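Please view the sequence and the model together.

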Amino acid sequence: MRLIIVLSFVVSQCIVSYQQSMTRCPDGWVYFRQSCYQFADEMKFSLTEATHHCSSRHAHLAKVESKAEDLFLQDFAGRLYKHVPDHTFANSFWLGGTDSNIEGIWTWYSDDSDLIYTSWPQGHPGPTGDHQDCLILFAPNNYQWYDFECEILAHPLCEIELNVEAAAVVIG
Ligand SMILES: [Ca+2]
Ligand SMILES: [Ca+2]
């Protein structure tokens, strides 16, 4: 009985500390409006690999829900720009949007929700049936949203939404 009580205490403390760890950003991540972001510009992955990279850090590829978030991500990605000759995707970042389930219907990987906010430039997303089913911040065009093949190599842009309620408890 005593062992069970001790074990449940340990488990509950682990859960509490995990929730509390999500009230602030991991080291090296960037904070903006209740979310943490990792611009993994030292890595280049296909969409599938980038998704795994983020989930292994309890995160997901970034889900862009507002103009403010969009501009923040574009601006920060732009500051990381490095000159790499003749490499189209050298500085581009994966976001977590896709129309691989139903061509032309874009959803977010993280929760399967539809894209409410979008900032596609003129001409994007491209015509349906073109196999360009994944979403990147495209460096050569000022980090605007572009749809590309999911197999190209780009940097993962991971996001963790902070646990605001837990943060309020910790702060309170
Ligand atoms: Ca977001
Ligand atoms: Ca498509």
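The sections below describe a metal site and the disulfides of this predicted model.

## The calcium site

The calcium ion (ligand 1) is held by Lys63 through O and by Glu65, Glu69 and Glu159 through OE atoms, at 2.2 to 3.1 Å. Angles among the six donor atoms run from 48 to 135 degrees, and the site is irregular. Along the chain, the donors show the spacing K-x1-E-x3-E-x89-E.

Glu65 belongs to the loop between β3 (60-61) and α3 (67-79), whereas Glu159 belongs to strand β8 (residues 155-161), so this pair ties together parts 94 residues apart in sequence. Glu65 is partly exposed, with a relative accessible area of 46%, while Glu159 is buried at 1%.

## The disulfides

Cys25 is joined to Cys36, with an S to S distance of 2.2 Å. The torsion about this S-S bond is about -90 degrees, so the disulfide is left-handed. Cys25 is buried, with a relative accessible area of 14%, and Cys36 is buried at 0%.

The sulfur atoms of Cys54 and Cys158 lie 2.1 Å apart in a disulfide, which is left-handed at -80 degrees. This pair links distant parts of the chain, with Cys54 in helix α2 (residues 47-55) and Cys158 in strand β8, 104 residues apart.

Cys134 is joined to Cys150 at 2.0 Å, and this link is right-handed, with 90 degrees about the S-S bond. Cys134 lies in strand β6 (residues 134-138) and Cys150 in the loop between β7 (144-148) and β8, so parts 16 residues apart in sequence are tied together. Both Cys134 and Cys150 are buried.

Key:
Residues are numbered from 1 along each chain as its sequence is written. Chains are lettered from A and ligands numbered from 1 in the order in which they are written. This is a predicted model: local features need pLDDT of at least 70, side-chain atom pairs count only at pLDDT 80 or more; totals for chains, interfaces and linings use all residues. Side-chain values use heavy atoms; hydrogens and water are left out. Donors are N, O and S atoms within 2.8 Å of the metal (3.2 Å for Na, K and Ca); water is not among the atoms, so sites may look incomplete. Four donors count as tetrahedral if all angles lie between 85 and 135 degrees; four count as square planar and six as octahedral if opposite donors are over 155 degrees apart and all others between 65 and 115; anything else is irregular. Helices (H or I, at least four residues) and strands (E, at least two) are DSSP runs, numbered from the N terminus. Buried means under 20% relative accessible area, exposed over 50%, partly exposed in between (1.4 Å probe, protein chains only). A disulfide is a pair of cysteine sulfur atoms within 2.5 Å.
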